[in-house]
Amino acid sequence: MVKSTLIYRYDALPLCGSVDDNNDPSLMDQKKKCKILISRITPNSEPQATIESGQYNIHYLIDNSIIYLSICDKSYPRKLAFSYLSEISHEFWNSHGQEALSNSARPFGFSSFDNFLGKTKKIYQDQRAQSNLDKLNNDLADVKKVMTKNIEDLLYRGDSLDKMSDLSSSLRNDSIKYRKHAQKINFDALLRQYAPIVGCGLFFVFLVWYMFLR
């Protein structure tokens, strides 16, 4: 299930957060990691990614210079998590987007959005919503393309989120290269399969033309 939701600006200013169980030490630890994660995000970072952190996954989505994070149980479907973040980002931007990016914005100055977070969180707690996900989110990016990274690599070994972006670009380029290569192999296979038949057919047509129609 979705355990917590956080909304930050690129400059690490906290804008809003869901009302959670502050007596859960494991959840509080994940929130601390989220704060460190926010500091590692740059304009070159992958726009959406999943960070594995013990029994949880931290999913984030960057949209219009605002970072949306959700802390979920590891068993919670990633596609559902990103659908949740997409809905949150759309509503927050329409309601508070320009104000949130202004210089007058203050830490947690958009607490009125907590109500929407709570209502939406309850809807997405029911994993049966997965069955309706495709109908509701046809434009959602395929989560197979979402990069996954371990929290220890990011926080303790010095890896950056920008490296994920570079890796993602490399994977996309390799995918295009392999797809073109596969298309060429398929075309060559078709040529080998049908070229003799086409050649015989053309020879037969030429023979008929030469003998009877010339």
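Predicted model: local features only at pLDDT ≥ 70, side-chain atom pairs only at ≥ 80, totals over all residues.
**Ground rules.** Residues count from 1 along each chain as its sequence is written, and side-chain values use heavy atoms, without hydrogens and water.

**Entry 1: H2 and H3.** I looked up helix H2 (residues 78-101) and helix H3 (residues 114-125). Helices are DSSP runs of H or I, at least four residues, and strands are runs of E, at least two, numbered from the N terminus. H2 and H3 pack at about 155 degrees, with axes 11 Å apart. Axes are lines fitted to C-alpha atoms over the stretch in contact, and angles run from 0 to 180 degrees between N-to-C directions. H2 and H3 are therefore roughly antiparallel (over 145 degrees).

Next I listed who touches whom (contact means heavy atoms within 4.5 Å). On the H2 side I found Leu80, Ser83, Tyr84, Glu87, Ile88 and Glu91. They meet Phe116, Leu117, Thr120, Lys121 and Tyr124 in H3.

**Entry 2: Asp20.** I found Asp20 in the loop between strand S2 (14-17) and helix H1 (25-40). Is Asp20 buried or exposed? Asp20 is buried, at 12% relative accessible area (buried is under 20%, exposed over 50%, with a 1.4 Å probe and protein chains only).

I then checked the side chain of Asp20. It makes a polar contact of 2.6 Å with the side chain of Ser4. Another polar contact, 2.9 Å, links the side chains of Asp20 and Lys31. A polar contact is a pair of N or O atoms within 3.5 Å; within protein, one must be able to donate a hydrogen and the other to accept it, and residues adjacent in sequence count only if both atoms are side-chain atoms.

Note on methods. Parallel < 35°, antiparallel > 145°, perpendicular 65-115°, else oblique.
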